[in-house]
Amino acid sequence: MPQYNKVLDQIDKGINDFVKNLPLVERRTYRRLLDIVSELELSSGNIKTNLQNIKIISRIKREMDDIILSDKYLNSVKDFTETFSKVELLQNNYFAELSDKFKPKKVYSELKKVNINTTIDLLTENGLGSEYTDGITKILNDNIKGNGKFSDMVETMRDYIVGVDGENGSLVRYAKQISTDAINQYSANLTQAVSNDLGLNWFQYIGSNKDTTRPFCLAMTAKRYFHRSEIPQIIEGNIDGKKVSKAGLDENT
């Protein structure tokens, strides 16, 4: 199994390299937001519900896209997608050692392309817009229309963007979730495709448990080996006769 451990190490490295600089983006975003919201009209410390303040919301949305979707960030997304090719190569080497019948197929490369395109979409305009920047504008929108207290809004913004008490901010959490799910899902899909072609029936569930590891992953790590015939039951959360939460089914342990 040492060869497959290289796959897991590469997956972890790709994710960590991608998210390590995102806290800087979060702090830069927060500082720029403070500059903009300082222009809001207030009355006794509360935000006025007027046209000028409402216009600031659309301006902030545009500025957030410019800050987050910088050339540096887009290049980091591109660098992350190269992890798919590295994982593909390592898994090809693993299957070549496992069976002399293994031959890389064009369909495997097409599978990689589909996964990469989906990942790029989720980590750029479409995904970030619905999952991150929209959250920022909602905080502003709710406070402006609700005549909220300015100091409370600033605190809420900071908690959302930068994080609370050492926790990751929203951008790091979102990007880490998407990158983790994407590369692990690709690895799993490739393994399934090759296993089907080679007629393999026994599999091993491996990984490193963490504080955040979910019940399904803990149960499968303990089980370790499973037969293809068990997969329908496992997907339903039934593991060795016990019902286990399916939360995190597609996530790295």
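How are α5 and α8 oriented relative to each other? They are roughly antiparallel (an angle over 145 degrees). This is a predicted model in which local features need pLDDT of at least 70 and side-chain atom pairs count only at pLDDT 80 or more, while totals for chains, interfaces and linings use all residues. Residues are numbered from 1 along each chain as its sequence is written, and side-chain values use heavy atoms, with hydrogens and water left out.

**View 1. Packing of helix α5 against helix α8.** Helix α5 (residues 106–123) and helix α8 (residues 170–198) pack at about 165 degrees with their axes 10 Å apart, the axes being lines fitted to C-alpha atoms over the stretch in contact, with angles from 0 to 180 degrees between N-to-C directions. The crossing of α5 over α8 is right-handed.

**View 2. Residues of the α5 and α8 contact.** The contact (heavy atoms within 4.5 Å) involves residues including Tyr108, Leu111 and Lys112 of α5 and, on α8, among others, Tyr174, Tyr186 and Asp197. Its residues divide into twelve nonpolar, three polar and two charged, where Asp, Glu, Lys and Arg count as charged.

View 3. The ring centres of Phe80 and Phe84 lie 6.0 Å apart with planes at 80 degrees, so the pair is edge-to-face (centres within 6.5 Å, planes over 60 degrees apart).

**View 4. The aromatic cluster.** Phe18, Tyr73, Phe80, Phe84 and Tyr186 form one aromatic cluster.

Notes: Helix = DSSP H or I, 4+ residues; strand = E, 2+ residues; numbered from the N terminus. Parallel < 35°, antiparallel > 145°, perpendicular 65-115°, else oblique. Left-handed = near helix turned anticlockwise from the far one by under 90°. Phe/Tyr/Trp six-rings, centres within 6.5 Å; stacked < 30°, edge-to-face > 60°.
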